[in-house]
Amino acid sequence: MAELDNTHVQCTVESCKQQIPRNDFQSHMVNHQADRNQILSERPETLNNAGLSPKKREKPWETAREDEEKEGSVDMHVDKKHGSINPISKARNRINKDLDLWNKLNALPKSVRTPGVIPRLKPQFVSVNKKISTTAVYLSSKYTDHISTGSMDLGWGCGYRNCQMLMSFLERQQEDNEPVIKHVIHISGLQILLEEAWRQGFDLPGASQLDHHVYGTEKWIGATDVYTMLVYLGIRCTIIDFHRPSGLNNAHDALFDWIQGYFENAIKKPESSKPVQDATSSTSSSTIFYLTDQPPLYLQHSGHSRTVIGIEMLKDGHRNLIMFDPGRRMLRSNRKGQIHSSMPIEDLTRDSLESGSPEPSCGGSSNESGSQSDVDPRTDLENITSNAGSNNNCSAGNNTRVLSNYSPVIPDGLLRPVRVDSKTIAKNRQYQLLVLGEVVDDRPIGGTIRWSGEKGYLLTEREREVMKKVTSIRAL
């Protein structure tokens, strides 16, 4: 690949040799791969071990990325219900018309979802926790619910619950004037969805390792399985592998660096990259608090997964990941008056997170029961901050804002199980991040691995077909 200037590179395909804008280079090469019926592939025994379904995958974690191309086929099949498939149309539009499928994918009851937690975390960083010297905090979109494991999935449901938390965000995003996903899917529906994806040729090595059957079982799922379900639904996502520590004392500095950049880059607006200090913090506080529009991140390690909703920087240079852990049970909001009574009832953070051991496996308790509300999920949070935009891309830069003028009272213990420091992260050797949207690897042209919202969350039919075989970006 020849670098022509700071904005363009030359395609290396002999029959092409076009000057391609740097930001479009990866998608340009994907089109070449599809035309040549070649896709990036993984060795079956490695990538799906990285998916980490511990009860079925007993081989050690090995590196997921192979720096080679293998022959593959991109079969743009004919849909029996809707005729031939246009390879450049959005796959989501076709899939959403499959009523037989969606009738099987029951919605998760609203009664087991806790919306509105993220905006209410602010006091924990700027006023309540005086012992922690926080300099800056970046949190993901307010449109992410906390969902914990229920009594029926205790000990095995964390992968499904984290998938549901990602879906709670996607449910409130719109592209082409429709929600990105119809609704957050119940665990039984996710199991049906995964098996349907396998039947249609998605992640065949993973299907084989789980015996092509998860419905009605307690088999654990991992990042590759969540990737498979999302891609089947036509949703763009990327897996990044951090397969070894990158700092002293087994620290995962590269993981923290990437997550920090993911959130920090979201607040750099075109007109000004200068951060704005939180308007409601006291004059003695130097904490800068950002509520971004970035999607949450799915973080996987051996035996457990969690949802990353932000990062906290401290004066001493240390950093904490801010997470939703489905293994943490939720306490009822009215217990001992823990939540301020003046909060709008529809927006109450129903529970505060219960503290416990720093490294739980999948677990928790809350019943997955109740009726599905007919209220638009995007209205759940209207009394917290302004409505999210409905642009046809997922770029966070133009919609990012510093949260201000909202200071509810939250129990002091809320953040204890949510903050996860680098020492705790160092207890596991390998991690995977599943990221909603596109992640571009600019390292071959002297850049970095970066998140991009330019393409939005929806895959074309061609992109979806190419992504049937799970691939990942190796960070180290």
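Predicted model: local features only at pLDDT ≥ 70, side-chain atom pairs only at ≥ 80, totals over all residues.
Visitor: Among contacts between residues at least 6 apart in sequence, what share join residues at least 24 apart?

Guide: The share is 75% in this protein chain.

Visitor: Which side chain makes a polar contact with the side chain of Arg172?

Guide: The partner is the side chain of Asp145, at 3.0 Å.

Visitor: Now the helices. What describes two packed helices?

Guide: Two packed helices are described by the angle between their axes and the distance between the axes. For α6 and α7, the axes are 10 Å apart and the angle is about 95 degrees. The two helices, α6 and α7, are therefore roughly perpendicular to each other. On the α6 side the contact is made by Tyr160, Arg161, Cys163, Gln164 and Met167, and on the α7 side by Ile187, Leu190 and Gln191. By class, the residues of this contact of α6 with α7 are five nonpolar, two polar and one charged.

Visitor: At what angle do the axes of α7 and α9 cross?

Guide: The axes of α7 (residues 187-199) and α9 (residues 223-232) cross at roughly 80 degrees and come within 9 Å. Angles of 65 to 115 degrees count as roughly perpendicular, and α7 and α9 are therefore roughly perpendicular to each other.

Visitor: Which residues in α7 meet which residues in α9?

Guide: From α7 come Leu190, Leu193, Leu194, Glu196, Ala197 and Trp198, which meet Asp225, Thr228, Met229 and Tyr232 in α9. The residues of this contact of α7 with α9 divide into seven nonpolar, one polar and two charged. For the spacing, the general idea is that an α-helix has 3.6 residues a turn, so residues three or four places apart point the same way.

Visitor: How many of the ten residues of α9 are buried?

Guide: Ten of its ten residues are buried, and α9 is mostly covered. Asp225 and Thr228 are among the buried residues of α9, as are Ala223 and Val231. Just after α9, Gly234 takes a positive phi of about 85 degrees.

Visitor: Take another loop, the one between β15 (319-324) and β16 (419-421), which holds Asp325. Is Asp325 buried or exposed?

Guide: Asp325 counts as buried because its relative accessibility is 3%. A polar contact of 2.9 Å joins its side chain to that of His304, and the side chain of Asp325 also reaches the backbone nitrogen of Gly327 at 2.8 Å.

Visitor: How many residues apart in sequence are Asp325 and Cys158?

Guide: They are 167 residues apart in sequence, with 8.2 Å in space from C-alpha to C-alpha.

Visitor: Where is Thr448 found, and is Thr448 buried or exposed?

Guide: Thr448 is in the loop between β18 (438-441) and β19 (449-452). Exposed means over 50% relative accessible area. Thr448 has 52% relative accessibility, so Thr448 counts as exposed. Beyond its neighbours within four places in sequence, Thr448 is in contact with Val440, Asp441, Asp442 and Arg443. The C-alpha atoms of Thr448 and Ala475 are separated by 9.6 Å, and these residues are 27 residues apart along the chain.

Technical notes:
Residues numbered from 1 in each chain as written. Heavy atoms only, no water. Axes fitted to C-alpha atoms, helices over the stretch in contact; angles between N-to-C directions. Helix = DSSP H or I, 4+ residues; strand = E, 2+ residues; numbered from the N terminus. Parallel < 35°, antiparallel > 145°, perpendicular 65-115°, else oblique. Contact = heavy atoms within 4.5 Å. Nonpolar A, V, L, I, M, F, W, Y, C, P; charged D, E, K, R; others polar. Polar contact = N/O pair within 3.5 Å; in protein donor to acceptor, adjacent residues only side chain to side chain. Buried < 20%, exposed > 50% of the residue type's maximum accessible area, 1.4 Å probe, protein only.
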